[in-house]
Amino acid sequence: MTEPLLILTMKWGTLYSSADVNRLAAQVRRHLDRPHRFICFTEDAAGLDPQVEALPLPELGLPQGHSDTRWRKLALFRRDLGGADAALSGTALFLDIDLVVVDDLGPFFDLPGDFFIIRDDDLFRAKPLRKVNPNRDRFLHSVGNSSVFRYRVGDHGYVLDAYLADPAAATRDYEISQQFQSAQLAAHGDLHYWPKGWCVSFKNDCVPRNLASYLRNPSLPQGARIVLFAGAPKMEDVFAGRGHKWYRRIGDIGWLRRAWENP
């Protein structure tokens with residue numbers, strides 16, 4: 001019997017609520033017609049819908065004397081993810097909470113290969129000034145944005161191993177965890193990217209550029225499956241009616257709100 005697909009997310013602290021997780025789970029149910037489990041790793045499961053499986057936040061396993069948990073998402077690469085009592089296996093799609101699913105998620109599971117992630121540069125406009133440092137430009141162009149990635153649980157434990165070998169060096173040499181994660185995956189030949197246009201930026205791909213935003217409302221690019229909120233404004237700002245700038249009007253987002261809200 002085929003294992004159900006895994007949809008994973010993480011919630012800790014107070015930035016996002018159980019309602020946000022429930023909303024994301026509903027989006028997944030609308031756009032994934034294959035057997036799946038929606039799992040939220042969290043320290044507070046209060047308010048989660050029964051369709052959401054709550055599991056404790058996976059431990060990073062930091063050495064004694066290290067208490068920096070900013071990179072806790074790397075714990076998703078534990079070989080024993082889920083713990084002894086709920087060990088997970090199979091193919092998983094990780095989704096950050098602050099995104100909107102707008103079309104079929106099936107193709108995310110159909111691409112042959114073990115690991116896929118968003119190329120971070122695909123969410124932003126070109127940065128020509130970065131060319132003054134070609135080596136850094138090449139590296140940053142390779143970095144994967146970990147808002148949406150697919151992997152086989154347990155198959156990439158070397159990412160966490162490399163971090164735990166020297167957490168201080170990792171946080172010294174890399175600005176954010178997804179840079180470190182991408183470097184480890186690339187070194188093992190496992191860094192592959194979603195087709196450009198599947199995951200799009202609300203600000204850079206949906207909102208008309210500059211003053212054109214005063215003439216046209218935001219729209220969904222053809223082929224887009226997930227809308228992300230790279231940079232500012234954040235998702236909570238957009239749905240609260242904030243995030244307007246004199247050079248960028250947000251406009252009518254009825255289509256996005258309908259995709260975001262539970263029916």
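The model is predicted, with local features requiring pLDDT of at least 70 and side-chain atom pairs counted only at pLDDT 80 or more, while totals for chains, interfaces and linings use all residues. Residues are numbered from 1 along each chain as its sequence is written, and side-chain values use heavy atoms, with hydrogens and water left out.

Strand E1 (residues 5-11) pairs with E2 in the parallel sense over seven bridges; pairing requires at least two DSSP bridges between two strands. Helices (H or I, at least four residues) and strands (E, at least two) are DSSP runs numbered from the N terminus. Lys 11 stands opposite Thr 42 in E2. Five of the seven residues of E2 (residues 36-42) are buried, that is, under 20% relative accessible area with a 1.4 Å probe and protein chains only.

Together with helix H1 (residues 18-31), E1 and E2 make a right-handed β-α-β unit: with the strands pointing away from the viewer, the path from the first strand over the helix to the second runs clockwise. The 14 residues of H1 should span 20 Å at 1.5 Å a residue, and the end C-alpha atoms are 20 Å apart, which agrees; the expected span is 1.5 Å times one less than the number of residues. H1 is mostly covered, with eleven of its 14 residues buried, among them Asp 20, Arg 23, Leu 24 and Gln 27.

On a 1 Å grid over the protein atoms alone, a cavity is a set of points where a 1.4 Å probe fits but cannot get out; a pocket is an open set with protein on both sides within 12 Å along at least five of seven lines; lining residues have an atom within 4 Å of a point. The largest cavity has a volume of about 50 Å³, and its lining includes Ile 118, Arg 119, Trp 194 and Trp 198.

The largest pocket has a volume of about 890 Å³. Among its 30 lining residues, Lys 73, Asp 96, Asp 98, Ser 146 and Ser 147 are the closest to the centre. E1, strand E7 (144-152) and helix H6 (177-187) each give two or more residues to the lining.

Note on methods: Buried < 20%, exposed > 50% of the residue type's maximum accessible area, 1.4 Å probe, protein only. Points joined across faces, edges and corners; volume = space filled by probe spheres on them.
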